[in-house]
Amino acid sequence: MNKTRLFKKSLLAVTITTATLASQHALAAGFQLNSQSATGLGRAFAGDAVIADNASVMSRNAAAMSLFDRTEVSVGFNVIDSEVDVTGSTYTSPLGSQSVEDTTNDATSVVPNFYLVHPVNEKFAVGLGVYSNFGTTNEFDSNWGANTGTVITSGGNTVSAVPGADAFGGITNVTTMNFLLAASYRINEQWSVGGGLDIIYGEGELKRTSTANIVDAGAPTTVIGTTELDLMNIDASGVAYGFNLGTVYELDENNRFGLSYHYSPEKEVSGTVSYQGDSSIGDLKIPLPDMFEFSGYHRINETPFAVHYSVQWIGWSAFDRLVTTDGTEIKEYKWKDTFHYSIGGTYYINENWEARVGYMFDEGVQDELTSVSVPDSDRQWFSAGASYHFNKDQVIDLGFTYLVGESVAVNDTIGSGATQLSLDTTTKATAMLFGAQYTHRF
């Protein structure tokens with residue numbers, strides 16, 4: 001079984017979770033978390049690398065800070081209510097096959113954010129951002145898949161131990177926080193550039209155990225007790241460092257484009273690392289994906305309407321497997337690079353009110369290998385939001401998204417050959433997100 005308790009660190013924290021057979025409720029492909037602002041949430045993050053309607057734009061493109069002429073502070077949160085249905089499950093071990101009851105795993109999380117942009121002069125601006133790019137939480141009921149494993153004894157000694165279906169479940173709680181120090185420079189009326197240092201901290205809890213029946217080799221059909229198997233135990237923490245670069249091109253006051261790149265490092269996470277009872281396998285190495293994003297914003301001349309869009313590439317092929325520094329392979333993933341595409345519109349109703357809508361199509365990362373621990377699929381986002389300007393200095397933003405994934409047939413495995421465990425099941429993820437944000441300009 002795998003029992004994994006993991007206090008991870010950086011975006012990696014989430015990665016490690018995924019790789020450790022942890023189930024997750026990430027809201028974008030893989031374990032990416034699109035929840036940097038309520039404003040972006042209300043338009044499915046369409047155009048978010050260039051719109052710059054508040055300071056949260058620095059999380060997508062630091063160069064867009066050049067569009068601000070006053071100091072601005074934005075603070076807010078997003079509430080994520082997610083649900084994963086696991087249905088039609090069949091568990092297969094060397095002892096045979098058996099069905100496992102359906103289950104629904106739901107979770108509610110709050111993701112805070114804070115941003116500060118300060119124009120130093122007409123050319124330079126600096127900023128500070130605190131937000132999350134990755135996150136997951138998921139709990140299987142402790143009874144799900146229990147007693148489907150078997151420990152065979154003889155004379156009081158264990159002959160063999162076969163974990164049950166609960167080896168694929170467990171508890172996963174991972175949070176990450178990104179601290180961004182950024183700066184931008186306006187080259188001329190059309191071009192601006194920017195960049196920043198990402199300091200990523202994360203922590204999490206990951207548990208994998210299996211409750212198995214105990215039988216005697218002489219009477220294998222008679223259960224004489226139960227025992228708990230502990231397959232994995234990881235406690236790790238640390239800080240990862242990345243960077244981002246971006247540019248903005250302003251065609252005119254109503255039309256502009258943004259392009260950004262985020263570099264994510266491979267991280268070694270140190271702490272307690274135990275896999276299948278072996279705690280001398282070194283630290284965990286966790287690869288994270290790089291990201292490119294292109295955005296456009298177009299205010300239709302002499303109208304209160306604007307359209308905006310984004311295309312983001314995420315280099316998930318970097319996350320091919322989870323290994324330790326001594327070469328022990330925890331799990332193979334073979335994820336693929338993905339895109340997400342979003343489009344939205346804004347209606348500037350009057351001096352006080354704005355309304356926005358958006359749609360995103362987000363590609364899943366799983367390819368030839370699938371996993372019940374990562375209920376991944378192509379996802380669709382349906383979003384709406386609004387802004388209310390109390391005056392020229394104070395704004396409150398609200399956003400809502402309904403996210404729906406596809407039903408995916410999953411064949412998840414642990415081990416190989418004669419000792420392989422497998423779970424054939426179907427997963428489907430849905431979520432509702434609500435965000436609120438307050439902005440003050442000085």
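**View 1. The largest cavity of the predicted model.** The largest cavity has a volume of about 100 Å³, a volume being the space filled by probe spheres set on grid points joined across faces, edges and corners. A cavity is a set of points, on a 1 Å grid over the protein atoms alone, where a 1.4 Å probe fits but cannot get out. Its lining residues, which have an atom within 4 Å of a point, include Q32, L33, R60, F134, H262 and Q312. The count comes to three cavities of 30 Å³ or more. This is a predicted model, in which local features need pLDDT of at least 70, side-chain atom pairs count only at pLDDT 80 or more, and totals for chains, interfaces and linings use all residues. Residues are numbered from 1 along each chain as its sequence is written, and side-chain values use heavy atoms, with hydrogens and water left out.

**View 2. F382 and its strand.** F382 belongs to strand β21, residues 379-389; strands are DSSP runs (E, at least two residues) numbered from the N terminus.

View 3. F442 lies in the segment after β24 and is exposed, with a relative accessible area of 56%. The C-alpha atoms of F442 and E72 are separated by 6.2 Å, although the two residues are 370 residues apart along the chain. Not counting residues up to four places away in sequence, F442 touches R70, T71 and V73, where contact means heavy atoms within 4.5 Å.

Note on methods:
Helix = DSSP H or I, 4+ residues; strand = E, 2+ residues; numbered from the N terminus. Buried < 20%, exposed > 50% of the residue type's maximum accessible area, 1.4 Å probe, protein only. 1 Å grid on protein atoms, 1.4 Å probe; cavity = no way out; pocket = protein on both sides within 12 Å on 5 of 7 lines; lining within 4 Å.
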